[in-house]
Protein chains: 2
Amino acid sequence: MRAKKFYIQTKKETSSTNDIISYQLMIKAGIIKKIASGIYNYMPLGMKILRKIENIVREELNNAGAIEILMPIVQPAELWKESSRFKQYGPELLKLQDRHKREFVLQPTSEEVMTDIARNEIHSYKQLPLILYHIQTKFRDEIRPRFGLIRGREFIMKDAYSFDINEESAILSYQIMFNTYEKIFNKLGLKFKAVSADTGSIGGSKSHEFHIMAKNGEDKIAYNDSSKFAYNVELAEAPNLIKQRAMPTQSLKEIYTPNLTKCSQIAKKLNVFIEKTIKSIVLTVSNNENIKIFLLLLRGDHTLNEIKANKISILSGFRFSTKEEINKYFNCNPGFIGPVNVSKDIIIIADKTVNNMSDFICGANKNDMHFVGVNWSIDLPEPDFVADLRNIEDGDPNPYGNGVISVKPGIEIGHIFYLGTKYSKQMKASYLDRNGKNHFLEMGCYGIGISRIMGAAIEQYHDEKGILWPKNIAPFQIVICPIGFNEDINIANESNDIYKKFTDLNFDIILDDRNIRFGHMLTEWELIGIPIMIIISKKLIEIIKLK
Amino acid sequence: MRAKKFYIQTKKETSSTNDIISYQLMIKAGIIKKIASGIYNYMPLGMKILRKIENIVREELNNAGAIEILMPIVQPAELWKESSRFKQYGPELLKLQDRHKREFVLQPTSEEVMTDIARNEIHSYKQLPLILYHIQTKFRDEIRPRFGLIRGREFIMKDAYSFDINEESAILSYQIMFNTYEKIFNKLGLKFKAVSADTGSIGGSKSHEFHIMAKNGEDKIAYNDSSKFAYNVELAEAPNLIKQRAMPTQSLKEIYTPNLTKCSQIAKKLNVFIEKTIKSIVLTVSNNENIKIFLLLLRGDHTLNEIKANKISILSGFRFSTKEEINKYFNCNPGFIGPVNVSKDIIIIADKTVNNMSDFICGANKNDMHFVGVNWSIDLPEPDFVADLRNIEDGDPNPYGNGVISVKPGIEIGHIFYLGTKYSKQMKASYLDRNGKNHFLEMGCYGIGISRIMGAAIEQYHDEKGILWPKNIAPFQIVICPIGFNEDINIANESNDIYKKFTDLNFDIILDDRNIRFGHMLTEWELIGIPIMIIISKKLIEIIKLK
């Protein structure tokens, strides 16, 4: 490609320095162009990157035996009602009506249509196992689209679906896809981590996310490389930090703590470690008219993991209690609640670490008052339940080996789920086995954020001058930057020669034959981030390898 | 590819024999699968075909210097309001609201977004000429989706847009795209005609359609191969069939024609050729409160071309008059109207042929009465206007040469428009010329129905056994059908050998290694329509070339 025939439009200004760096760089380099909140045009450079990512994903999936199809973007609401996700999915599912007032949705994902295909097309065990995929535009009506391509509304996703005769075979399909994902992300040139993850709204019982570790990640990843511990924090089991409950050494004392509602404030005031304090969180679970109040206890420096809490069956569907409820059940304001002297109707659930604490500090259920020197079985009964309630923290000991856990932000670029029969049961997709017996299909689903990878890769690879594309997804592998192409016939000839040689070797190369200042040319290509730059001047041919 | 690893699901039953043949065959061959009216899944065979069509289109556009981008499917309504098409486009434009109640449309085409890109990105004549394109899903909410992929609601279209400094250069871009389209359709293996066409709702002043001639076409194409006459009937100038008006030989006579409202009925009753009769059509043009009535005259066997009528400035925006209006202005029912003795307020426009008729027959403006022996200037004044009002007909003399015109149905697979400054003016997209002077961009737009081509190709190429894909878009180029692959090791070896040879030569080949009856295998592949079939049996290796 010659630059004169291509379309290069870098910008001086960028959107806003508040934006994530990948977005700033993509706008500046002319890779994408915003058209509405979370909706973008992919400009020529962007399109080349997108196609390269797409082709690598396609090639590896085909190698793994997956078969490409294409499902529509506009999908009938009936299928989504059948799976119950028409409501469950919430307002991110964009609903619309056609001219005949029939309801449709813009697909945010395709489990429903895929299961509908399966129930119509798969009849016999002979057709299994089967993995189908498509690469298609998706729409999720995010309430606050952000981070450019990382959380857009319209985006391109590869979603694959596996169908198997039983769990064993389904797990094998899952493993094939897991391995394929590793191949794909390696080929894309990304540094990534595969971590165990929650299954969320998709459902199912086993799930891995693939993350790019980058400081702007929205997820938190807990890992320890020496022991292969790797989890999304939402799922990672947090270790019990106190192996055994120590003998009490203090007796209960009420102290005046005016306006001190936070554990950190109390610890500072009393000049003790925050690890001596307990945080009390009040939750409400309502079943029809019936309201049940729960008191959750965490160590003062820990944070509640809502996903873990929601998985405790008695807490399922909880909400945080209102100030009014707290006043009613604890006779005090939030900030002064504690587990001592509470009504029998209130169920107390202690985090594992809290259960082993002694001589601790907690709210006294009186405004502006706290207790110190509190001990289980002496000042209050043992907790009703003990559970893992908290998020694992950076520096926690590794629950499954030596060393400590690192918690770092990650950007999810892929997610795989073993679904079991969740959708096939709901939508009645079954097959006949060897003996003519009917079974529900075992399913898995597997996503890769094709367009998100563009943003995520930049988060991982950039410097102060611009983007540093990995070679397989760079818009061009090589750029030739001649000094004086339009003035000096020798420079032009040399440039053309080199251009021809690399083109003949099937490199994706661009020759910058534009009549622009060399400094400007350099700045532009450093911003765009082509891995190899060949500078041709009278004195030298210099090859600069950016990455 | 081995058939066991691929997905082949032909169906015994088809949808309905009322459906167009391409749709029946695609459903039966398992190429597509309907999910809602005008919305389809592309199954693995369909996806392979789609990708091959897409790749040929992309390759030729890239060769022509066009540059690929990607514009979103969900587009802000504001841009469509700016171009006035938010209303003008009508109910085919599917409108929707996001969760914040902001208005969007699903793109049926992308002139608006493209012009928005241009006005933001193009500043200087140095950036021109430029052709950008994208291959993307479109949605048009057809009131009655039909003909399978030929008139679906969700479909894949390639749309390209050219930007030039002036008309001369724009026409050059148009010509480049015209030539590129010929290359594309030839490479796709289609027999097609490029015809001059109306610009319709897209606008602009020059336009060509590319049609596949097929009996199920919705368009009518008028052509004469020896003179290169090729037009969509909506645009084709109809010849004047009577060179000179003959001298009158009859005098006017009123005759009783009870209930005979059609020219064919009158001609039959009077035992004359229908060519002696005149058809009278009443149109209303309303401007606010002001109503104007027009009487259009066509020869009895001709049909009104509404597009031509609409282009006559005084008829612009016409509608057919109501029965009440006809009664009011002609004192009789439709079917007995004629041009004799009409009010001066009614403007009479005669088709060119009608203007040269003599001794003709027409309604008498009295119920159940007609006039015979009518002559211009004797029985009624000369018409107010003479114009080309009718559709050209199969068998009409060639207006531009020898021979006669053929009128045959065609399926539009491509359409190119020279737009001029229609959109750039409306949306203020301009550039600075060499002298720093501002001009509106000259634009062209160019569409190819990627998914429609699948259906259209089948309409052109099929026989009683199934589809006959042209070799470049067949899902596989070659299929090996062994008799007894799973029973006879020699057959298996021979099949594998041949498979390997062709694979090494980069043929897209499938080996049918499934354990199914040979007759069934043959029927399936003949239905699917692979161009070359290699049958391997004990006695012979037989190569059957379907196309």
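Contact here means heavy atoms within 4.5 Å. The model is predicted: local features need pLDDT of at least 70, side-chain atom pairs count only at pLDDT 80 or more, and totals for chains, interfaces and linings use all residues. Side-chain values use heavy atoms, with hydrogens and water left out. A rotation of 180° superposes chain A on chain B.

**Chain A overall**
- The C-alpha trace of chain A spans about 90 × 65 × 50 Å along its principal axes.
- Chain A holds 14 helices and 30 strands. These are DSSP runs, numbered from the N terminus: helices are H or I with at least four residues, strands are E with at least two.
- Chain A has 547 residues, and 58% of them count as buried. Buried means under 20% relative accessible area, with a 1.4 Å probe and protein chains only.
- Among contacts between residues at least 6 apart in sequence, 70% join residues at least 24 apart.

**Domains**
- Domain bounds come from an automatic or database domain assignment.
- Domain 1 of chain A takes in 13-237 + 407-459, domain 2 covers 253-387 and domain 3 covers 478-546.
- The C-alpha centres of domain 1 and domain 3 of chain A are 39 Å apart.

**Surface and charge**
- Chain A carries 72 positive and 65 negative side chains, with the centres of the two sets 2 Å apart. Lys and Arg count as positive, Asp and Glu as negative; His and the chain ends are not counted. Each charge is placed at NZ of Lys, CZ of Arg, CG of Asp or CD of Glu.

**Two copies**
- The superposition of chain A on chain B has 0.0 Å of shift along the axis and an RMSD of 0.1 Å. The two copies are thus related as by a two-fold rotation axis.
- L96(A) is the residue of chain A closest to the rotation axis, at 3.0 Å (C-alpha).
- The copies meet through the same surface, because 98% of the interface residues of chain A are also interface residues in chain B.

**Two helices**
- Helix α12 of chain A (residues 450-460) has 11 of its 11 residues buried, so it is largely enclosed by the rest of the structure. Among them are R452(A) and E459(A).
- Helix α14 of chain B (residues 518-528) buries M521(B), E524(B), W525(B), E526(B), L527(B) and I528(B).
- Cover for the buried residues of α14(B) includes α1 (21-28), α2 (44-63) and β29 (532-536) of chain B.

Key. Residues numbered from 1 in each chain as written. Chains lettered and ligands numbered in written order. Buried < 20%, exposed > 50% of the residue type's maximum accessible area, 1.4 Å probe, protein only. Least-squares fit on C-alpha atoms with pLDDT ≥ 70 in both.
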